[in-house]
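Take a look at the model below. Then read on for a short tour of its inside.

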Amino acid sequence: MNYYYEIAIIGANLAPLTYESQCVLNEFEIVTIKLRNKAQNGCIIKAVPKPDFKTLPVIERLNLTFTQLQITLAKFISYYYTCEIGVSLGLFEPFSHYDKSKCSFIKAPNLSPLQLEAAKFIKKNPISLLFGDTGSGKSEIYISLIREYLNLGKQALFLMPEISLTPQMQERLEAYFGDSVGVWHSKITPKKKQNLLSEFSQGKIRLIAGARSALFLPFSDLGLIVVDEEHDESYKSNSDPYYNAKDLAIYIANKMGIKCILGSATPSLNSYAKFPNFRLKGRFYASQKEYIYDHSPTGLNELILGEISQALQAKKQVIIFLPTRANFKFLICQKCGQSMQCPYCSIALSLHKKNRAMRCHYCGFACMIPSVCAQCNSDMLESRKIGTSELVAQIKEYFPLANVAKFDRDEITTQKKLTTLLKNFNEYKIDIIVGTQMLSKGHDYHNVSLAIIMGLDEHLDYSDYQARSKSLALAMQVAGRAGRANYGRVIIQGLKCEFFAEYMDEFDRFIADEMAVREGLYPPFMRLLRIKIEDKDESKAVSKMQQILGKLKSMADLEIVGYGKCIIELIASKHRYQILLRSATHTPLLKASKIARDYGALPDIDPVNFS
């Protein structure tokens, strides 16, 4: 006797297909089937009656399935991000079995009275926001609560926005939980992933720490989720489906009765408005901080050089934030004003001296550094907008005896490089680190006395309703790296220092002011949907946009905020257009998402990126 099932091809953007089997199969178990003469892994969605068309047989049962948490989350992703269930399931790691083992962890951090009060508050609320100043001791509270859940026989998940956070946090967690800690992110090797999954299924690993993909592991008895630096936009996927791991953590916590803690020194306005919060003020270590506002263009000057010199003489370390990678962001002709553009993207190429190349940071195109302008043949080419590589070179000229390191995506290409750099900095083998946004993450180093923030005021002009909150949060996070244990100085350089001067160390007041600005227009008061239309044929992209707009204009409870070319009009030879929609609820936005899918467009609900 044959049985018939709808099977989703794991990872494929296809509706489930019908196959036959001589065995009774279970929902969400994984099997091998053939699609276009190629073996594929599929997941049983449901049993169906015998169809009136010929079906192919299931080739093999793989003794793999998904946990109930994974199934619930996969269904929600498919619904909310309007993607096929096969695409959603492709995010998850399946499992074969799980052994529950008992464990007991005795070591615990000594919490202050205020930290104990925070922990008590968190226990009372299913989902809560720990709004704690940088250095206030949020990690000790997390660890204390993780210990309680592990000792109850539960699993715990510690989410971090970037892998740059994991080496130090891994060390801290292992000091309390030893081999029960597993670290999961995109940079670990396939072999390490397999070993981790094996130990996780055997119950040896009970606490998973990692980036957003760690949420998709086969948790079978998850009791606690910690979302650290919950404001960080790295939790949002930058490819379809555009899920947000923080939002998914909140959803699954609500759905399955899991405790969820959101933590940040600069919380998102969404979380602040939606969840009960505990305000953890002050710093765990006695320290003082002084802010210096340098109203000047981006670059080294006498003030900054003098401050670096003083810090080095005092045997202290320095961190310098700069938002731009490479040596320079632009190469511009002084005669005609033309910048050297990527032939496949509508952005300027960045100048990389080390590789003697101009490189596109979007599509990866590279070419030799030109000697003359392609537009007018002039040899008067000028480099503009300094990047991390050039700043490192300049600092080495001024301070030849100092050990200077670069901390950006060009430099940190492997997990080993990341671990080595942070270890060397922690052991005082590096005097100065120059880096991009990676510097802002929660690294805790007690010998940094000077933090310099350059070029951040430009972010205030971005076409993004979150431009002010993102810029301020980034400044405060970088500033928080200085003076962790004693006296620290922070230099903020830019032509719009007034904004930062008003709100640095005053994020509570900023939240109140920003709420007033957003009311009735943006989250947390309204919901947004960004529809992206991409095509190598620009006329087709425009046509798709117009057709989608025609369908949307008659929809109730939906406002078309605007439409037209994206800020970056061309990426990898594809012309890019967009539609921005607003609604008080998600329901009309999901209807609009499905319409967009019908035309091959990409819906991004709750967007954080508008370029």
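This report covers the first helix, the nonpolar cores and the aromatic rings of a predicted model.

## Helix 1

Helix 1 covers residues 68–80. How far apart are its end C-alpha atoms? They are 18 Å apart, and this agrees with the 18 Å that 13 residues should span at 1.5 Å a residue.

Is helix 1 mostly covered or mostly open? It is mostly covered, with ten of its 13 residues buried. Among them are L69, I71, L73, F76 and Y80. The buried residues pack against several elements, including helix 2 (85–89), strand 11 (222–228), helix 7 (245–256) and strand 25 (527–535). Helix 16 (587–598) and strand 28 (602–605) are also packing partners.

## A closer look at S78

S78 lies in helix 1. Its relative accessibility is 17%, so S78 counts as buried; the cut-off is under 20%. Neighbours within four places in sequence aside, S78 is in contact with C83, E84, I85 and S88.

The largest nonpolar core holds 109 residues. Inside it, I208, I225, I531 and L552 have the most contacts. Which helix gives the most to this core? Helix 1 does, with seven residues.

I225 shows what such a residue touches. Its contacts are L157, L159, A249, I252, I258, K259, C260 and I261, with residues up to four places away in sequence not counted. A second core is separate and has 32 residues, including L300, C345, L351 and C360.

## Aromatic rings

Aromatic pairs number 24 in this model.

Why is the pair of Y503 and F510 edge-to-face? Its planes stand at 80 degrees, with the centres 5.2 Å apart, and planes over 60 degrees apart count as edge-to-face. Y503 and F510 are buried too. Ring pairs also build a cluster from F131, Y272, F499, F500, Y503, F507 and F510.

## Charges over rings

R279 lies over the face of F131, 3.9 Å from the ring centre. Elsewhere, the charged end of K193 sits over the ring of W184, at 5.1 Å from its centre.

Terms used
Residues numbered from 1 in each chain as written. Predicted model: local features only at pLDDT ≥ 70, side-chain atom pairs only at ≥ 80, totals over all residues. Heavy atoms only, no water. Phe/Tyr/Trp six-rings, centres within 6.5 Å; stacked < 30°, edge-to-face > 60°. Buried < 20%, exposed > 50% of the residue type's maximum accessible area, 1.4 Å probe, protein only. Lys NZ or Arg CZ within 6 Å of the ring centre and 35° of its normal. Core = buried A, V, L, I, M, F, W, Y, C linked by side-chain atoms within 4.5 Å. Helix = DSSP H or I, 4+ residues; strand = E, 2+ residues; numbered from the N terminus. Contact = heavy atoms within 4.5 Å. Expected span 1.5 Å × (residues − 1).
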